[in-house]
Amino acid sequence: MPSTFEIAVFEGDGIGPEITSPTLRILQQLSQASSSYELAFNTLPAGANLYARTGESLPKASLDGARQADAILLSAMGMPSIRKSDGTEISPQLDLRNELDLFAGVRPVRISPGQRTPLKLEGGQSVDFVLVRESTEGLFYSRGTGEVGPDEARETLVITRKTSEKLFRFAFNLARQRQTAGQGEGRVTCVDKANVFRSFAFFREIFDAQATLYPDLTADHAYVDATALWMVEKPWIFDVMVTENMFGDILSDLGAGLMGGLGLAPSADIGDDHAVFQPCHGSAPDIVGQGVANPFAMILSAAMMLDWLGLRHENPAMVQDGNLLRDSVYAVIADGKQITRDLGGSSSTEEAAAAVLDRVGAS
Ligand code: ATP
């Protein structure tokens with residue numbers, strides 16, 4: 001009997017629904033072809049448009065539905081035109097991170113030979129590293145509660161031992177997994193600003209203590225400013241990077257830029273018991289309804305979901321399908337004939353997704 005996994009689906013705002021529906025079709029085809037697992041989708045309401053209609057962005061029933069699902073697939077959320085009274089955007093994805101304690105934000109950066117990138121890579125050279133961003137504290141800790149006076153504003157950065165230890169263990173385990181899969185050299189770089197801030201010296205100390213538990217791996221450090229420079233100058237030196245929330249927020253967009261844009265940047269927010277898989281980009285209101293949104297970041301996020309479910313439930317067929325899905329996307333990119341406008345092509349969202357579906361079906 002195949003195992004059935006319930007997937008909570010949030011279709012999101014703007015281009016969210018446009019990239020969700022082909023992604024679900026691909027997942028459906030993979031699961032129907034598999035004798036090892038089935039996927040049952042449960043679509044739940046949340047987001048900026050819901051907030052505009054009802055005053056609620058993440059109703060309790062949706063949060064409960066997400067909590068009891070095996071995994072959560074979340075599309076682009078938020079609309080710059082719909083804001084709370086304090087001026088901030090509606091972001092149920094941030095609420096989910098806190099509610100479900102999703103402390104590890106995983107942002108893979110992969111540039112295959114032939115892929116469009118602003119970098120000047122030598123022929124055949126590729127980039128493949130993962131940025132792990134702490135996602136529940138750091139400078140985002142005081143989100144919504146920062147103090148604003150007439151002449152001064154303050155936000156508080158919080159780093160706790162408990163979350164940092166879990167975060168670093170997650171990063172080291174990921175490096176080990178990648179090394180076993182032949183994907184990295186088994187190295188974790190702690191990205192901080194320990195030369196200026198005590199909180200980051202504390203962060204680094206905890207990292208060094210955790211590193212001693214992984215003698216088979218290499219642990220090193222880099223300052224965040226130097227990291228930004230090296231990500232542009234020599235990104236191939238990185239394997240797994242681990243950093244604070246705000247630094248990770250900024251560096252992950254830099255990573256997306258290196259990959260040729262947000263349309264190719266997937267992500268996962270992972271905790272001990274739950275995980276959300278979501279493209280890094282926002283709801284792209286400037287292109288909504290035109291059918292030109294790139295679905296690949298969403299499809300690659302779905303591939304990460306299959307990896308995570310497969311590893312967690314010891315279901316190798318799911319891990320294999322995750323790899324197949326990722327490889328299919330990169331094969332379509334390398335082929336270059338059915339890619340969307342943001343990648344230099346002229347295909348529609350549906351055509352680009354159909355090209356991935358064809359490759360998946362042909363394997
Ligand atoms: P947020 O703050 O919600 O993350 P953002 O400010 O980063 O959002 P996006 O909505 O991600 O903004 O859009 C930034 C730019 O990237 C826009 O020009 C948008 O059209 C483009 N873009 C984002 N996602 C895609 C996509 N999947 N396909 C094509 N273009 C995209």
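Okay, so a polar side-chain atom of His281 sits 3.2 Å from a nitrogen atom of the ligand, and I'm calling N or O pairs within 3.5 Å polar contacts. Keep in mind this is a predicted model, where local features need pLDDT of at least 70, side-chain atom pairs count only at pLDDT 80 or more, and totals for chains, interfaces and linings use all residues. Numbering runs from 1 along each chain as its sequence is written, and side-chain values use heavy atoms, with hydrogens and water left out.

Backbone next: polar backbone atoms come in at 2.6 Å from a ligand oxygen for Gly282, and at 2.8 Å from a ligand oxygen for Ala284. The protein covers 63% of the 620 Å² of accessible area the ligand has on its own (Shrake-Rupley, 1.4 Å probe).

Who else is around the ligand, with a heavy atom within 4 Å? Among them are Ile15, Leu262, Asp286, Asn294 and Asp342.

Now the helices (DSSP runs of H or I, at least four residues). H1, residues 16-33, packs with H11, residues 349-362, at about 10°, axes 10 Å apart; axes are lines fitted to C-alpha atoms over the stretch in contact, and angles run from 0 to 180 degrees between N-to-C directions. So H1 and H11 are roughly parallel, meaning an angle under 35 degrees. The contact (heavy atoms within 4.5 Å) includes Ile19, Arg25 and Leu30 of H1 and Ala353, Val356 and Val360 of H11.

How values were computed. Near = heavy atom within 4 Å. Polar contact = N/O pair within 3.5 Å; in protein donor to acceptor, adjacent residues only side chain to side chain. Helix = DSSP H or I, 4+ residues; strand = E, 2+ residues; numbered from the N terminus. Parallel < 35°, antiparallel > 145°, perpendicular 65-115°, else oblique.
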